[in-house]
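The following exercises concern a single protein model.

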Amino acid sequence: DSGDHLVDHLLHPLREWNIPVCDRTPHIELAPDHNPSAAAPQIIIHPGSGAPVKCWPEAQFRALADALQTRDWEVAFLCGPVEIARGLATDCAIVQPPDLPTLASLLARAKLFIGNDSGPGHIAAAVGTPTLSLFGPTDPRVWAPRNPAGQVLQAPTENIAEIFLATVVDTALQMLENGANG
């Protein structure tokens with residue numbers, strides 16, 4: 001209830017023991033054989049989350065993918081068992097990494113990750129991939145992925161569907177252009 005980011009909350013006991021923490025940004029070191037030269041989609045979109053109320057509408061994600069593809073960006077949807085069971089309908093490629101190390105490696109090779117408030121966004125941030133996180137009912141001050149190259153779009157109310165498609169498209173394109181020039 002303090003409004004502290006989850007990372008700060010979890011690191012608090014270390015402060016009480018006078019154990020210094022130099023960096024409060026989670027980081028995942030990939031194994032040397034993670035195959036950084038293997039092909040990966042430029043943009044990975046994850047339409048899922050642990051709670052339906054935290055999910056931007058699937059139709060909006062499909063329209064986002066279409067808008068990015070018309071600008072010659074390669075887009076793939078990251079799908080786990082929940083998204084597959086729900087029957088995600090898309091013309092885009094679908095990626096289903098078999099385990100967390102493979103997921104982390106795939107995300108590390110992407111130019112941008114876009115998704116709801118969910119675990120894959122934190123993994124993308126921890127491997128250094130720029131993240132665009134969409135928030136509705138949850139507080140990004142507490143739950144957003146920590147990533148200097150990350151951005152958050154929060155609905156004006158708790159209804160995540162109120163985030164405009166045009167805003168997500170514009171933000172994603174700006175992030176991609178900044179990454180290409182940076």
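**Exercise 1. Overall architecture**

*Solution.* The model is a predicted one. Of the 182 residues, 41% are buried. Among contacts between residues at least 6 apart in sequence, 56% join residues at least 24 apart. The accessible surface comes to about 9,800 Å², and carbon and sulfur atoms account for 55% of that area.

**Exercise 2. Strand pairing**

*Solution.* Step one: strand 1 and strand 2 pair in the parallel sense, over three bridges. I44 has A76 of strand 2 as its bridge partner. Strand 1, helix 2 and strand 2 together form a right-handed β-α-β unit.

Step two: strand 1 also pairs with strand 4, again in the parallel sense, over four bridges. Here I43 stands opposite L112, and H46 stands opposite G115.

Step three: strand 4 runs parallel to strand 5, to which it is joined by four bridges. In this pairing G115 stands opposite S133. The chain passes from strand 4 to strand 5 through helix 5 (residues 119-126), in a β-α-β crossover that is right-handed.

**Exercise 3. The nonpolar cores**

Identify the residues with the most contacts inside the largest nonpolar core, and the elements that supply this core.

*Solution.* The largest nonpolar core has 26 residues, and those with the most contacts inside it are I43, I45, L64, L68, I114 and L134. At least two residues of this core come from each of strand 1 (43-46), helix 2 (58-69), strand 2 (75-78), strand 4 (112-116), strand 5 (131-135) and helix 7 (165-181). A second, separate core of 14 residues includes L106, I123, A124 and V127. Returning to L68, and leaving aside residues up to four places away in sequence, its contacts are I43, W73, V75, I114, A172, L173 and L176.

**Exercise 4. Helix 5**

How many of the eight residues of helix 5 are buried?

*Solution.* Six of the eight are buried, and helix 5 is thus mostly covered. The buried residues are P120, G121, I123, A124, A125 and A126. Their cover includes strand 1, strand 2, helix 4 (100-109), strand 4 and strand 5. Just after helix 5, G128 takes a positive phi of about 95°.

**Exercise 5. A lysine in a loop**

Is K54 buried or exposed?

*Solution.* K54 lies in the loop between strand 1 and helix 2. Its relative accessible area is 17%. The cut-off for a buried residue is under 20%. K54 is therefore classed as buried. The side chain of K54 reaches the backbone oxygen of D117 at 3.3 Å. Not counting residues up to four places away in sequence, K54 touches S49, N116, D117, P137, T138 and I160.

Methods: Residues are numbered from 1 along each chain as its sequence is written. This is a predicted model: local features need pLDDT of at least 70, side-chain atom pairs count only at pLDDT 80 or more; totals for chains, interfaces and linings use all residues. Side-chain values use heavy atoms; hydrogens and water are left out. Buried means under 20% relative accessible area, exposed over 50%, partly exposed in between (1.4 Å probe, protein chains only). Contact means heavy atoms within 4.5 Å. Accessible areas come from the Shrake-Rupley method with a 1.4 Å probe; for residues, only the protein chains shown count as cover. A nonpolar core is a set of buried Ala, Val, Leu, Ile, Met, Phe, Trp, Tyr and Cys residues joined through side-chain atoms within 4.5 Å. Two strands pair if DSSP finds at least two bridges between them. A crossover is right-handed if, with the strands pointing away from the viewer, the path from the first strand over the helix to the second runs clockwise. A polar contact is a pair of N or O atoms within 3.5 Å; within protein, one must be able to donate a hydrogen and the other to accept it, and residues adjacent in sequence count only if both atoms are side-chain atoms.
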